[in-house]
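I opened this notebook to keep track of what I looked up, one topic at a time. The structure comes just below, so that each entry can be followed alongside it.

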Amino acid sequence: MIKFNNVTHFYNTGQNHKITSLSGINMEIQEGDFVAIIGANGSGKSTLAKHINGFLLPGSGDVYVDGFNTKDIESIWNIRKKVGMVFQNPDNQLIATTVEDDIAFGLENIGIEEEEMKRRVDWALNIAELNVLRTSEPHLLSGGQKQRVVIAGALAMHTTYLVLDEPTSMLDPKGRKNILEIIKTLNEEKGITIIYITQFMSEAAQFKKIFVMDKGKIVLTGSPKSVFSQADLLMNLGLEVPQITQLARKLAENGLEIPSNIITEEEMVEYLCLYI
Amino acid sequence: MMFFRSITIGQYIYRNSIIHRLDPRVKIFVVILIITSVFLINSWIGFFLIGLYLFTNIYLSKVHPKYVLKGIRPLIFIIAFTLLIHFFTTPGEVIYHIWILNITREGIQRGLFIAVRLFYLILSTSWLTLTTSPIALTDGIERILSFLKIIRIPAHEIAMMMTIALRFIPTLMEETEKIIKAQMARGADFESGNIVKRIQNFLPIIIPLFVSAFHRADELSIAMEARCYRGGEGRTHYRQLLITKVDYIFMIVTLLILILSYL
């Protein structure tokens with residue numbers, strides 16, 4: 001379980017213009033959860049993500065990962081083993097010169113034995129569907145493939161939690177879809193907890209739970225349906241509801257009997273079929 | 001930019017050959033031996049033997065010689081320059097006289113020797129980098145240097161820096177091309193003007209490149225730490241190095257040839 005206990009974080013501490021990037025965050029993420037965090041630029045999403053693996057430490061309050069406090073220097077490597085991170089720019093996360101070596105990088109760092117390492121690399125390559133690219137060099141891969149390598153690298157560590165900080169914002173639509181599919185399988189079949197930060201509302205709609213952030217606070221929590229039904233609030237925060245929800249609202253405004261919290265195309269099709 | 005494409009150093013070409021399967025430590029050691037002996041040898045027979053040996057190695061590696069020779073192209077000017085300098089500056093028996101310059105017999109001999117030495121130097125290092133994957137190479141260097149840890153030589157750090165450099169060379173080259181195109185689209189001119197002007201014109205390429213490189217370094221270090229990187233201590237290796245019978249045979253043959261060519 002990941003637990004944020006009244007976490008506040010400042011940038012530029014000790015300087016004149018102190019910036020509060022997180023204020024009073026209380027949040028719990030259970031093992032096996034499939035959650036998205038949304039928010040406008042500068043709302044503190046990335047800062048929050050970097051608190052989960054102890055990369056940033058709370059100014060006040062505590063972050064616990066499976067009972068380990070991130071402030072505890074002794075347990076920081078334990079936490080980083082449990083929490084895999086995927087960042088935005090795929091180019092700046094790959095360290096080694098081939099795919100398999102990169103996946104092994106984390107394992108080398110934590111001192112895994114050779115045999116076990118080979119087994120884990122094979123396993124991760126399989127899950128991320130990278131078998132054919134095993135010996136490829138990173139710069140020859142597409143953005144989506146690179147992100148899959150990063151995910152595989154985290155998987156090989158046997159992480160419990162996977163934190164993805166806008167992993168698809170530099171990808172093409174195809175790569176974007178592919179990454180989401182893989183993440184879904186990981187959650188459903190391997191039980192890996194997914195914490196997914198995104199600016200794409202259509203992506204967020206596919207998660208089980210959404211946290212909405214604004215100015216360093218969590219302002220709204222709930223299922224996609226309940227979150228996206230509050231379109232006006234989201235609009236005020238500089239966010240949009242998914243296109244399909246927008247369409248449903250427009251249709252409802254014009255007199256069609258359609259609920260305004262539709263979040264998938266399938267639902268929309270069902271309701272529209274009633275009119276044929 | 002055609003300039004980038006012609007540098008072979010660090011351009012590994014995969015083939016299934018004896019040479020490719022040799023232990024990188026053995027290959028690095030052999031190249032060091034060749035380079036030192038090339039500068040000790042002073043006879044044409046010796047040079048001939050080493051040349052034969054080097055070309056056999058290249059043949060055995062199944063890499064087309066044109067790749068090896070490509071690495072020499074950027075350095076032809078330097079070789080020609082040293083050749084000429086030696087022709088004219090070595091004192092001795094004058095065999096040709098132009099204006100105030102004298103070409104001596106000793107000069108020709110020494111110039112040719114130096115040219116051959118440089119040629120072999122590039123040949124052997126290209127052979128090493130063409131047949132050894134960058135990973136194997138850095139692994140080899142790390143292991144070779146690891147016994148120097150006692151005198152505080154940071155073997156792991158050096159190897160890690162090399163790995164990252166190798167990983168980012170293609171990425172940064174791509175980025176350079178992008179920046180060049182972007183600046184050209186804004187009307188930048190890299191082709192005309194005198195030398196000073198041209199160098200000045202490169203600033204709009206260098207500055208964005210540096211800014212982005214630092215940015216990358218920052219993000220990369222975060223990604224590395226997120227993956228539990230904390231230096232070389234307690235680190236295991238994905239790739240194991242093994243010295244086999246073939247490696248020993250290769251070493252012995254090399255040593256014999258080097259001794260023969262020195263005699």
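**Entry on the interface.** I kept in mind that this is a predicted model. I looked up the contact between the two chains and noted that 40 residues from chain A and 29 residues from chain B take part in it. Together, chain A and chain B bury about 3200 Å², with 56% of that area on carbon and sulfur atoms. Glu108(A) forms a salt bridge with Arg235(B), where the closest N and O atoms are 3.1 Å apart.

**Entry on Thr171(B).** I located Thr171(B) in helix α9 of chain B, which covers residues 155–185. Is Thr171(B) buried or exposed? Its relative accessible area is 6%, and because buried means under 20%, I recorded Thr171(B) as buried. Leaving out residues up to four places away in sequence, I noted that Thr171(B) touches Asp91(A), His139(A) and Arg216(B).

**Entry on the second largest pocket.** I read off about 450 Å³ of space for the second largest pocket. Its lining has 19 residues, and Met201(A), Ser202(A), Pro242(A), Gln243(A) and Ile244(A) lie nearest the centre. By class, I noted nine nonpolar, seven polar and three charged residues in this lining. The largest share of the lining, three residues, comes from α10(A).

Key. Residues are numbered from 1 along each chain as its sequence is written. Chains are lettered from A and ligands numbered from 1 in the order in which they are written. This is a predicted model: local features need pLDDT of at least 70, side-chain atom pairs count only at pLDDT 80 or more; totals for chains, interfaces and linings use all residues. Side-chain values use heavy atoms; hydrogens and water are left out. On a 1 Å grid over the protein atoms alone, a cavity is a set of points where a 1.4 Å probe fits but cannot get out, and a pocket is an open set with protein on both sides within 12 Å along at least five of seven lines; lining residues have an atom within 4 Å of a point. Grid points are joined across faces, edges and corners, and a volume is the space filled by probe spheres set on the points. Helices (H or I, at least four residues) and strands (E, at least two) are DSSP runs, numbered from the N terminus. Ala, Val, Leu, Ile, Met, Phe, Trp, Tyr, Cys and Pro count as nonpolar, Asp, Glu, Lys and Arg as charged, and the others, Gly among them, as polar. Buried means under 20% relative accessible area, exposed over 50%, partly exposed in between (1.4 Å probe, protein chains only). Contact means heavy atoms within 4.5 Å. Buried area is the accessible area (1.4 Å probe) that two parts lose on being put together, summed over both. A salt bridge is a side-chain nitrogen of Lys or Arg within 4 Å of a carboxyl oxygen of Asp or Glu.
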